[in-house]
Amino acid sequence: MRFKTGEKVSFLKEVGGGIVKSYKNEQIVIVDDDGFDREFLEIELVKIHGDQSNILHDDFDIKDVIEETVSYNKDLGDVYKKNDFWEIDLHTHAFMDSERGFTNGELLNKQLLEFKRFFRKAQEKQIRKLVVIHGVGEGVLKAEIRDFLAGKVDLEYYDADFRSYGKGATAIELHYR
C-alpha cells in the first residue's frame, strides 16, 4: 500500500484529485473533488504534498509551496533540509481554483511560469534536488520542462522514482560550484 487513508492524491491520467477513502480488492477508493467515490489502480494516482492553491497570486512566496520539506533557520536566514529535495505539483488543479475559461495553451503557460519560478527560487537557495510532478497526459508539459532544462548547465534531469511518482514526474539534480 503506497497510499494511506486520508491522504490527498492527484489523478495521473485526468484533471482532478481527491482523498483516499479505502482499499477495495486491488483498487483504491477515492472521494474526488466533487464528493463522489471513484475507484483507481495505485499506478493511476500520485500523492500530493502540501497545499499549492495560492501559487499563482502576485504575492507568490515559495515558502507556501515547500513548508513541508524545508525550514528556515531564524538566526541565519539559511535553508536547511528536513528532506533531501523540493517538490512541486504542476497539475493545474493543485494551484488554480478552476481551469474553466482557459485554453490548453494558457494552462500550459501558467504551468511553465510556476515551474520557472520554483526553479529560480531553488537555485537562489542552492537546493540540490527538485522533483517536478507534471503528470503523464500527452507529454507536452514534460517536453517543455525538459527543453527548458536542456539549455542549462550544471544540472542533470531524469524520470523521478517510479515507485513514488509513476511516470508523471521529473527529478532534477542541481550542481553548484
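1. At what angle do helix 3 and helix 4 pack, and how far apart are their axes? In this predicted model, helix 3 (residues 104–124) packs against helix 4 (residues 140–150) at about 40 degrees, and the axes are 11 Å apart. Angles from 65 to 115 degrees would count as roughly perpendicular and those under 35 as roughly parallel; the two helices are therefore oblique to each other. The crossing of helix 3 past helix 4 is right-handed.

2. On the helix 3 side, the contact is made by Leu108, Gln111, Leu112, Phe115, Lys116 and Phe119; on the helix 4 side, by Val140, Leu141, Glu144, Ile145, Phe148 and Leu149. By class, nine of these residues are nonpolar, one is polar and two are charged.

3. The largest nonpolar core comprises 18 residues, and Phe115, Phe119, Leu130, Ile145 and Ile172 have the most contacts inside it. Two or more residues each come from strand 8 (86–89), helix 3, strand 9 (129–133), helix 4 and strand 11. Helix 3 contributes the most, with six residues.

4. Ile145 belongs both to the contact between helix 3 and helix 4 and to the core. Beyond residues up to four places away in sequence, Ile145 touches Leu90, Leu112, Phe115, Val132 and His134.

5. Lys167 lies in the loop between helix 5 (162–165) and strand 11 (169–174). Its relative accessibility is 61%, so Lys167 counts as exposed. Apart from neighbours within four places in sequence, Lys167 contacts His134, Val136 and Phe162. The C-alpha atom of Lys167 is 10.0 Å from that of Gly137, a residue 30 positions away along the chain. His134 is also among the residues that Ile145 touches.

Note on methods: Residues are numbered from 1 along each chain as its sequence is written. This is a predicted model: local features need pLDDT of at least 70, side-chain atom pairs count only at pLDDT 80 or more; totals for chains, interfaces and linings use all residues. Side-chain values use heavy atoms; hydrogens and water are left out. Axes are lines fitted to C-alpha atoms, for helices over the stretch in contact, and angles run from 0 to 180 degrees between N-to-C directions. Helices (H or I, at least four residues) and strands (E, at least two) are DSSP runs, numbered from the N terminus. Angles under 35 degrees count as roughly parallel, over 145 as roughly antiparallel, 65 to 115 as roughly perpendicular and the rest as oblique. A crossing is left-handed if the near helix is turned anticlockwise from the far one by less than a right angle, and right-handed if clockwise. Contact means heavy atoms within 4.5 Å. Ala, Val, Leu, Ile, Met, Phe, Trp, Tyr, Cys and Pro count as nonpolar, Asp, Glu, Lys and Arg as charged, and the others, Gly among them, as polar. Buried means under 20% relative accessible area, exposed over 50%, partly exposed in between (1.4 Å probe, protein chains only). A nonpolar core is a set of buried Ala, Val, Leu, Ile, Met, Phe, Trp, Tyr and Cys residues joined through side-chain atoms within 4.5 Å.
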